[in-house]
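Here are my notes on the model you sent. Please read them with the structure open beside you.

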Amino acid sequence: MAVSMKNLDPAFQGAGQKAGTEIWRIENFQPVAISKSSHGKFFAGDSYVILKTTALKNGALRHDIHYWLGKDTSQDEAGAAAIKCVELDAALGGRAVQYREVQGHETEKFLSYFKPCIIPQEGGIASGFKHVEAEEHQIRLFVCKGKHVVHVTEVAFARSSLSHDDIFILDTKSKIFQFNGSNSCIQERAKALEVVQYIKDTYHDGKCDIAAVEDGRLMADAETGEFWGFFGGFAPLPKKTTTNEQKSIDLPSKLFCVEKGEAVPIGADSWTRELLETNKCYILDCGKEVFVWMGRSTSLDGRKSASNVVDELLRGLDRPKSHVIRVIEGFETVAFRSKFESWPQSTNVTVSEDGRGKVAALLKRQGINVKGLLKAETPKEEPHIYIDCTGDLQVWRVDGQKKTLLSSSDQSKFYSGDCYVFQYSYPGDEKDEHLVGTWLGKQSVEEDRVAASSQASKMVESLKFLPTQACFYEGNEPLQFFAIFQSFIVFKGGVSKGYKNYIAEKELSDDTYSEDGLALFRVQGSGPDNMQAIQVEPVASSLNSSYCYILHSGSSLFTWSGNLTSSESQEIVERQLDLIKPNMQSKLQKEGAESEQFWDLLGGKSEYASLKIVREAEADPHLFSCTLTKGDLKVTEVYNFSQDDLMTEDIFILDCHSDIYVWVGQQVESKTKMNALAIGQKFLERDFLHEKLSLQAPIYIVMEGSEPIYFTRFFSWDSTKSAMHGNSFQRKLAILKGDTPVLDKPKRRTPVSYTGRSAAPEKSNRSRSMSFSPDRVRVRGRSPAFNALAATFENSNARNLSTPPPMVRKIFPKSVTPDSAKLASRSAAIAALTSSFEQPPPARQFIIPRSPKLGPETSKSTPETISRQNSVEESKPKPETIQEDVKENEAEDDEGLPVHPYERLKTTSTDPAEDIDVTKRETYLSRDEFKEKFGITKDVFYKMPKWKQNKLKMALQLF
């Protein structure tokens, strides 16, 4: 149901069309818009309508409507505000949730719009009052309650108003005092300080002193004595007596149907969705909360009638301050749905291109031209990785309580039946950052999973809780994980004792990958820095038209390209072939033109999928405060959150649907910190928002003071706040008084010049890309301090001080031994690193090493360049990997290189040129042929950004 715009109140015209808050005051029973400068200023004698419009990630707008009733507003004004909310909601499409807000008993969601608080003023328009004009400053006393948002209520300025349980703010002409009751918590005290700041800025133009007074402190200091002087001197506070505050009583829920302007009780043993009819309105009375459910087929008058009925019902029950929440059929809140024993999953129908894609793939297999049938994909923005990919990676395979450090050539090859622990150190914006994570294979046993999580937690604990900890399940890895590993292969089966014992006990066949056996790999990814090969069942139903595959058995090797794949996907297959079967020639099979031998290996033809496997999309984030008591997890949502809502004494969970982040404050006990992963897992199990969270969603444990950019991106982040000393109250008091001592920040290990490149010479391994700062290329390696701390977790005989990234063999590379990079001794390497960090050379005098050419004549290094090489690099031989990093905006010097014809340089050439750098095929073209093929000169080409160069090379099969 929707309201015609011509019937809409003129004041609501254009409302809710963009994100923000809009407010109307009821004047003579009509809404009048309030200017933005007056938002948050409410008068006790008035009623208001508030519309909050939020822009969601999917591009839609969400509307929440509130009507606020001052304590002195008239019943007619309150009724008019309620009716106007119904009209506004209908005009917006009938999807908004509507809330009744009573002065002094507002919902946390409403108060979050006006942080830090609202302090209603006396007076009103519609009730006949005149707004109180500013006069001589009067001393006022406020009581503050709440850990996440603050309910501020003005109380009588008298000693009898004070208590041990709450926080009070005494606002005098020259100074604002905050009195902290002895039974109040630190988080409430910290939040109350935000109210102090608000009062200082609003009523004192930011010019007055601030003092904090602790309950129980006698006359120990001048400020305490000054505070008690306003109350006639110090005297003990009495014990709390019964107040007139509404007590929250757990009452059994009651369901009413609204019929002919009356609430008719419904008798039922339990509430189910089937009780609610689409052409009626219902009232669900849950005590403190009262819900009004309005069917989609109800009329506007019927909804207005239900609004009046619920007001009369609450007046009759003498509960005028209960929260009233009105919901529309199909858009019910989680709180409402949770009151019912059974509530079916949403069956909203969405239009998609899935059916069209399936039909196109089927016809294409039959050789039919499907041009025009498939809708062209809209170009998608490259997803951000939010992590520097030039760091140092180490990987251990878990085998019960033991773990084995993997060599550089094996650290990106995982088995589905095993579990792994990895440690990644990388340069952050202000300091070195660290990630310790676990990867749990689909076929892995519980024993190994528990051991992997335990070892990762102990590693984080031994490193003073500096690293972020992560838990990833096979098939649910985030983009950051693949970006760190770059090239990633998952084999079937496993090698751990736990896995072997399990399949023996269950008498299962061991399908662990064998190089000579039958194996089928699905190849996926977006490029050389993000490519995966996942071993799947070797049957035709495992194929998918949107992917390329590698199939091998004995001496037979095939690559299969689905009809919906791109040339980039086929290039990734070639690169993965060099890792899985580097010395064999493959036979290309295109979908629809496969050989009999290909189908025979897969056991014959069968139907298979055509749609890409899509990872859960990141949704709008929700922040929850968490408490775990005797295994029971309780959460409270923090609305419209900011960094200031993260209290150092607490644990918070940021729920993004696809991933969750468990933020742990510095003041949290070590024992509780160790349980952070268990808290995250319980959160996934409970699924508080009923959003079908995957139990295998990635979990990140983020420690205060070490927040990575992929967490801070959800906030407007100030790193100095999380680096401060003290508890939440002490920190905010220091900020309020302009005294903000911070912890010493760890220095980055390598000075970075303003050009964006590290000042130190680069190592001879492939540089990694960075999504959030593409112009900044870093040196791969870890800080010596972090290496020393991690030493206890590594095999002393196989110490990997600076592990090179996964080695990617190009097409026709020179031979490389798996472990060609032998490592220096631990002490010598650390000493060498330390000395090089303590005496950094001048930033701009280094010559960035050029990519080595594999032709007959290699570029010569100058004596100056050689003399500046890092001592660690001299202490170990360099593996013969091909360096892909090229300085942009600089033409390659191709002098002395042999010239080859284009046909021999293509990746698909049947007579390929030998002894060339396969990442720089274009450099071997003559200048004339280069211009003929590319349409531009070499000088112009090398001035292009790297990604543009690669795009042109891909089109010409030179990449």
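1. Phenylalanine 177 and phenylalanine 227 are both buried, where buried means under 20% relative accessible area, exposed over 50%, and partly exposed in between (1.4 Å probe, protein chains only). Their ring centres are 5.8 Å apart and the planes meet at 55°, so the pair counts as tilted. Rings of Phe, Tyr and Trp (its six-membered ring) pair if their centres lie within 6.5 Å; planes under 30 degrees apart are stacked, over 60 edge-to-face, and the rest tilted. Phenylalanine 177 belongs to strand β9 (residues 175-180) and phenylalanine 227 to helix α4 (residues 222-229), so the pair ties together parts 50 residues apart in sequence. Helices (H or I, at least four residues) and strands (E, at least two) are DSSP runs, numbered from the N terminus. The count of aromatic pairs comes to 64.

2. A word on the source: this is a predicted model, in which local features need pLDDT of at least 70 and side-chain atom pairs count only at pLDDT 80 or more, while totals for chains, interfaces and linings use all residues. Residues are numbered from 1 along each chain as its sequence is written, and side-chain values use heavy atoms, with hydrogens and water left out.

3. How many salt bridges are there? The count is 35, a salt bridge being a side-chain nitrogen of Lys or Arg within 4 Å of a carboxyl oxygen of Asp or Glu. One of them joins arginine 731 and glutamate 704, at 2.4 Å from N to O. Arginine 731 is in helix α17 (residues 728-736) and glutamate 704 in the loop between β32 (699-703) and α15 (709-712), so this pair links distant parts of the chain, 27 residues apart. Both arginine 731 and glutamate 704 are buried.

4. Another salt bridge, between aspartate 632 and arginine 686, has an N to O distance of 3.6 Å. Aspartate 632 counts as partly exposed because its relative accessibility is 34%; arginine 686, at 43%, is also partly exposed.

5. Which residues of helix α23 (residues 927-934) are buried? They are Glu929, Phe930 and Phe934. These cover an arc of only 115° around the axis, which puts them on the same side of α23; the arc is that of the directions from the helix axis to the C-beta atoms. Asp928 and Glu932 are exposed on the other side of α23. Glycine 935 follows α23 and has a positive phi, near 80°.
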